[in-house]
Amino acid sequence: MRKNHNKFLLAIAMFFSVILLSGCGTKLAAYNPHESVGKQINYTITGIEAGAGIMSSTQNAMKAYGLNNDKWQLQTSSTAAMTSTLGKSIKNHQPIVVTGWTPHWMFTKYNLKFLKDPKNVYGKAEDIHTIVRRGLKKDKPEAYEMLNRFNWKPAQMADVMLKVNKGEDPHKAANDWIKANQKQVDTWTKGIKHVHGQSIKLTYVAWDSEIASTNVVANVLRSLGYKVDIQAMEVQPLWASIATNAADGMVSAWLPTTQGLYYKDYKGKFVDLGANLHGARVGLAVPTYMKNVNSIGDLK
């Protein structure tokens, strides 16, 4: 009963986040290249969940580029609320600055560009790593080997994300991708013997990218005979779940910057299997029709 109650409260919170941000977006006029960007967006950068690494990086960027005076603010909301506001702003050709990252379906669906970061506050391109608990190789060698082999490209991840965004169930979207890319999936499973109903638990952050990757990996493990449980959680509990052996693994560690703090805090309490995706990126993004805004410094 408590679980259903919590889900209800979360749904209500997300609903009002969308309403709040959408309301702010509709008050803005169409983008005017001859006026100050800050003034046009009410000196507000549209962000996501408060605990996300990109939010702390953005606060650092705002300080580094002089956007930390009394006027400027970083709007905390949710990923769903941010992308909803982004979509409405683009539909109305309004100015907007969002916390952005790739891979993400928004870069496939919309014409967006990252703002240049000459001070390198957000760091260079990141990788997404597979992290497992200590002892997994001994306890579940077949799962360990499959997780160790898992790798794909940003465009492939975006394919799954876009289908989910259009309303397809994540489990089905993952299965569709697996069927369409069977040769690649076979390289992850070749020579691995099937098990019979062994349980394995994967945790993940409920970002669109990690919903995609976790469902793909879970379905591949199921094809090997595993009974897979996947659970979404915030970033800190995610790392704690692996470090305390409460979960077996995750494929959603953005490194070295986004989740670098947790990597450092829990070092020695997990096994890093390396990158499963290269070329991830985080930063501030704007629609491409904001042609005279190309760098974070242009927001002042």
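This is a predicted model: local features need pLDDT of at least 70, side-chain atom pairs count only at pLDDT 80 or more; totals for chains, interfaces and linings use all residues.
Residues are numbered from 1 along each chain as its sequence is written. Local features need pLDDT of at least 70 and side-chain atom pairs count only at pLDDT 80 or more, while totals for chains, interfaces and linings use all residues, and side-chain values use heavy atoms, with hydrogens and water left out.

**View 1. Helix α9 against helix α11.** The axes of α9 (residues 170-180) and α11 (residues 208-223) come within 8 Å and cross at roughly 70 degrees, and the two helices are therefore roughly perpendicular to each other (65 to 115 degrees). Their crossing is right-handed, meaning that the near helix is turned clockwise from the far one by less than a right angle. On the α9 side the contact (heavy atoms within 4.5 Å) is made by P170, H171, A174, N175, W177 and I178, and on the α11 side by I211, N215, V216, N219, V220 and R222. By class, this contact has 7 nonpolar, 4 polar and 1 charged residues.

**View 2. Helix α7 against helix α11.** The crossing of α7 and α11 is right-handed. Here A143, M146 and L147 of α7 meet V217, V220 and L221 of α11, and by class this contact has 6 nonpolar, no polar and no charged residues.

Key. Axes are lines fitted to C-alpha atoms, for helices over the stretch in contact, and angles run from 0 to 180 degrees between N-to-C directions. Helices (H or I, at least four residues) and strands (E, at least two) are DSSP runs, numbered from the N terminus. Angles under 35 degrees count as roughly parallel, over 145 as roughly antiparallel, 65 to 115 as roughly perpendicular and the rest as oblique. Ala, Val, Leu, Ile, Met, Phe, Trp, Tyr, Cys and Pro count as nonpolar, Asp, Glu, Lys and Arg as charged, and the others, Gly among them, as polar.
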